[in-house]
Amino acid sequence: MTVSPRQTLPSAWVQRFASLIPAGEVLDLACGSGRHARLLATLGYRVEAVDRDAQALAALRHVPGVTVRESDLEAPGWPYAGRRFAGIVVTNYLFRPRVEQLLACLADPGLLIYETFMRGNERYGRPSNPDFLLASQELLGWAQQRSWRVLAYEEGYCDDPAPAVVQRLCAARGTIDSWPMLRKRGTFPSSAGVSFV
């Protein structure tokens, strides 16, 4: 399989919000080749990068600030029970049986940045199995059920890096009005930044 240079670059969604993560450790779940782990490490975060692909993880083993863990996230036994992370980043991955455990790992305060495929993507290729496609507003519902503050949400068609139908969420757990990075930026209104495409 050939990977285009655009697919090795960090997601624009992750780049947009990564610097809002509070100081601490960040979990890059199903990290693949580590494009987001590298970005987060360059921003000064300690990163736990986890994936089942040992070959992909090998390239991250010597990146300063990144700890790698080879783990099948869909096998019995959640590897992060009892752990808390200041940020959780997930792209192009969905395994619903682990969602509750994953979201319980977000510290208070903490920031969730999530971007993956949704129903409708089957028209453009993989994934096409409904088990791996979000329902409309599913990510938004995860945040709203927990009363997390939604900083931004999008869903719909995109063509970068390839045609797809996706959902994107950036949500904060805990009181974030005092977070210096938000006060400094002044970019988010008090109401949620929700958009539907």
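Reply: A place to begin is Ser 147, which takes a positive phi of about 60° just after helix α6. The model is a predicted one.

Me: What makes helix α6 largely enclosed by the rest of the structure?

Reply: Of the 8 residues of α6, 6 are buried, and the helix is therefore largely enclosed. The buried residues are Glu 138, Leu 139, Leu 140, Gly 141, Trp 142 and Ala 143. Their cover includes α5 (99-104), β5, β6 and β7. Helix α6 (residues 138-145) lies across β5, β6 and β7, at about 15° to β7.

Me: Why is Glu 138 called buried?

Reply: The relative accessible area of Glu 138 is 16%. Buried means under 20%, so Glu 138 is buried.

Me: How do you know that Arg 96 and Glu 138 meet in a salt bridge, and what does the pair link?

Reply: The N to O distance between the two side chains is 2.8 Å. A salt bridge requires a side-chain nitrogen of Lys or Arg within 4 Å of a carboxyl oxygen of Asp or Glu, so the pair of Arg 96 and Glu 138 qualifies. The pair links distant parts of the chain, with Arg 96 in the loop between β4 and α5 and Glu 138 in helix α6, 42 residues apart. Arg 96 has a relative accessible area of 29% and is partly exposed.

Me: What makes the contact of Arg 83 with Glu 48 a salt bridge?

Reply: The closest N and O atoms of Arg 83 and Glu 48 are 3.7 Å apart. The limit is 4 Å, so this pair is a salt bridge. Arg 83 lies in the loop between β3 and β4 (85-91) and Glu 48 in strand β2 (residues 46-51), so the pair ties together parts that are 35 residues apart in sequence. Glu 48 is buried, with a relative accessible area of 6%, whereas Arg 83 is partly exposed at 25%. By this rule the count comes to 8 salt bridges.

Me: Why is Glu 25 called buried, and what does its side chain contact?

Reply: Glu 25 has a relative accessible area of 17%; since buried means under 20%, the term applies to Glu 25. Glu 25 lies in strand β1 (residues 25-29). Its side chain makes a polar contact with the side chain of Arg 83, at 3.1 Å.

Me: How do you know that Glu 155 has no salt bridge?

Reply: The nearest side chain of opposite charge to Glu 155 is Arg 123, 10 Å away. A salt bridge needs a distance within 4 Å, so Glu 155 has none, although it is buried. Glu 155 lies in strand β6. Its side chain reaches the backbone nitrogen of Gln 137 at 2.9 Å and makes a polar contact with the side chain of Tyr 153 at 2.5 Å.

Me: Which strands are called edge strands, and why?

Reply: The open sheet has 7 strands in the order β3-β2-β1-β4-β5-β7-β6, with mixed pairing. The edge strands are β3 (66-70) and β6 (149-158), each pairing on one side only. Two strands pair if at least two bridges are found between them. Strands β5 (residues 106-117) and β7 (residues 164-173) are joined by 8 bridges and run antiparallel, so they count as paired.

Me: Why does Glu 70 count as partly exposed?

Reply: Glu 70 has 48% relative accessibility. Glu 70 lies in strand β3.

Key. Residues numbered from 1 in each chain as written. Predicted model: local features only at pLDDT ≥ 70, side-chain atom pairs only at ≥ 80, totals over all residues. Heavy atoms only, no water. Helix = DSSP H or I, 4+ residues; strand = E, 2+ residues; numbered from the N terminus. Contact = heavy atoms within 4.5 Å. Axes fitted to C-alpha atoms, helices over the stretch in contact; angles between N-to-C directions. Buried < 20%, exposed > 50% of the residue type's maximum accessible area, 1.4 Å probe, protein only. Lys, Arg positive; Asp, Glu negative; His and termini not counted. Polar contact = N/O pair within 3.5 Å; in protein donor to acceptor, adjacent residues only side chain to side chain.
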